[in-house]
Amino acid sequence: MTGHEKAQGPKHKRDLTRRKVLAAGAGAVVAAGVGGTFAAGAFAGEETPAAGAKASGTSGETCYRLTSETTEGPYYIDADKLRWDVTEDQDGIPLTLRLKVIDADTCKPLANAAVDIWHCNALGVYSGYEAMGSGGGGGGTPPSGAPSGSPTGAPTGAPTGEPTGSPPAGGGGHEEPTDDERYLRGTWRTDKKGEVAFRTVFPGWYQGRCVHIHTKVHVNGTWTDAGYEGGTTCHTGQLFFDEASVLATAEVEPYSTNTTARTTLDEDTIYPGNGTEGGLLKLKYKRGAIAKGVVATLTMGVDPEATQDGTGAG
């Protein structure tokens, strides 16, 4: 396999009625960890209903564009930890990720939905798959330390062996975990406004992909003392970062030690190129001081009646 997201193979199938997470601090209040409640209008890509369209959706008109579906990729671990702070001991620029989930047809918020996120660390390594290393996922041993040197910027062409053109319609070729690490992964519930927030670090990069975060939205399940059970996956997507922010992070340790050739947003074969509709995050940080932290926001319009697990099934 030549890239984390390009592996081909049998579709990974899972029984969604059996999906279950282990509660880890499930009683915590997410707002307390991200600076309080959300401000109105804080989310990128929100649109008001067109003239004549009703917020209730009874007119049958769509008031919000569906957020683009993408491949799940090979490194999803099904709802492993119920938590909003997924950082663990990972070094990197603090990132507060604020997402709002709404019904794309009615514009109503989806409360009590389960939202998963997972992404690589500053050096391009996914927890649970450290044996894959960074930039290829083709085996080998995990890096023993930060590589030396500094990035040379965007590559002049696509990495060797990476496919060109549109990504596969649904696949991803799931890989079984190689270890018990679970940093930079977590599941949390949306509130009555359809909002959810995570504390993490700005992702790094690896061979063949631009900087991104994976996400899933699950609905119609049940929250229990043990976690979240049952339901269906109504959205599988990826969240993306503009080039200016990524170049700024490349000047900050440990990102500056990542010598893997970087794929730009425009070169990426997964990003659909359609802005916030395609998962492009709205970022806020102090110019020249990105190391102090970043706040990323996005509104995701989904179809709660659909099944979109990102593996090509359904």
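This is a predicted model: local features need pLDDT of at least 70, side-chain atom pairs count only at pLDDT 80 or more; totals for chains, interfaces and linings use all residues.
# A walk through the strands, the core and the charges

Arg199 is partly exposed, because its relative accessible area is 32% and the partly exposed class lies between under 20% for buried and over 50% for exposed. The side chain of Arg199 meets that of Asp85 in a salt bridge, with 3.2 Å from N to O. Arg199 belongs to strand β6 and Asp85 to the loop between β2 and β3, so this pair ties together parts of the chain that are 114 residues apart in sequence. Asp85 is also partly exposed, because its relative accessible area is 26%.

The protein chain has two helices and 12 strands. Read from the N terminus, the order of its elements is β-α-β-β-β-β-β-β-β-β-β-α-β-β. The chain holds 314 residues, and buried residues make up 53% of them.

The interior comes next. In soluble globular proteins, nonpolar side chains tend to be buried together. Here the largest nonpolar core has 44 residues, and Leu97 and Phe241 are the ones with the most contacts inside it. Two or more residues of this core come from each of β3 (94-103), β4 (114-118), β6 (195-201), β7 (212-219), β10 (232-240) and β12 (294-302). Of these, β12 gives the most, namely five residues.

Strand β10 also holds Phe240. Phe240 counts as buried because its relative accessibility is 0%, and the limit for that class is under 20%. The C-alpha atom of Phe240 is 4.7 Å from that of His212, although the two residues are 28 apart along the chain.

A second pair of residues spans a longer stretch of sequence. Lys108 and Gly301 are separated by 193 residues in sequence, and by 9.7 Å from C-alpha to C-alpha. Lys108 sits in the loop between β3 and β4. Its class is partly exposed, because the relative accessibility of Lys108 is 47%.

Lys216 is part of strand β7, while Glu72 is in the loop between α1 (30-33) and β2 (81-82), so the bridge links distant parts of the chain, 144 residues apart. Both Lys216 and Glu72 are buried.

Another salt bridge is formed by Glu88 and Arg83, whose closest N and O atoms are 2.9 Å apart. The two partners fall into separate burial classes: Arg83 counts as buried because its relative accessibility is 11%, whereas Glu88 counts as partly exposed because its value is 41%.

Most residues other than glycine have a negative phi, and most peptide bonds are trans. Glu88, which lies in the loop between β2 and β3, has a positive phi, near 50°. Asn220 has a positive phi as well, about 65°, and is not a glycine. Its setting is the loop between β7 and β8 (222-224). Asn220 is exposed, because its relative accessible area is 64% and the limit for that class is over 50%. As for peptide bonds, the one from Glu253 to Pro254 is cis, with omega near 5°. Pro254 is in the loop between α2 (243-249) and β11 (282-284).

The last stop is the surface. Asp89, Asp91, Asp180 and Glu181 form a negative patch there. Asp91 is found in the loop between β2 and β3, the loop that also holds Glu88 and Asp85. Asp91 counts as exposed because its relative accessibility is 56%.

Conventions
Residues are numbered from 1 along each chain as its sequence is written. Side-chain values use heavy atoms; hydrogens and water are left out. Patches are made of residues with over 30% relative accessible area and no salt bridge: like charges are joined within 9 Å, nonpolar side chains (Val, Leu, Ile, Met, Phe, Trp, Tyr) within 5 Å. Accessible areas come from the Shrake-Rupley method with a 1.4 Å probe; for residues, only the protein chains shown count as cover. A salt bridge is a side-chain nitrogen of Lys or Arg within 4 Å of a carboxyl oxygen of Asp or Glu. Lys and Arg count as positive and Asp and Glu as negative; His and the chain ends are not counted. The place of a charge is taken as NZ of Lys, CZ of Arg, CG of Asp or CD of Glu. Helices (H or I, at least four residues) and strands (E, at least two) are DSSP runs, numbered from the N terminus. Buried means under 20% relative accessible area, exposed over 50%, partly exposed in between (1.4 Å probe, protein chains only). A nonpolar core is a set of buried Ala, Val, Leu, Ile, Met, Phe, Trp, Tyr and Cys residues joined through side-chain atoms within 4.5 Å.
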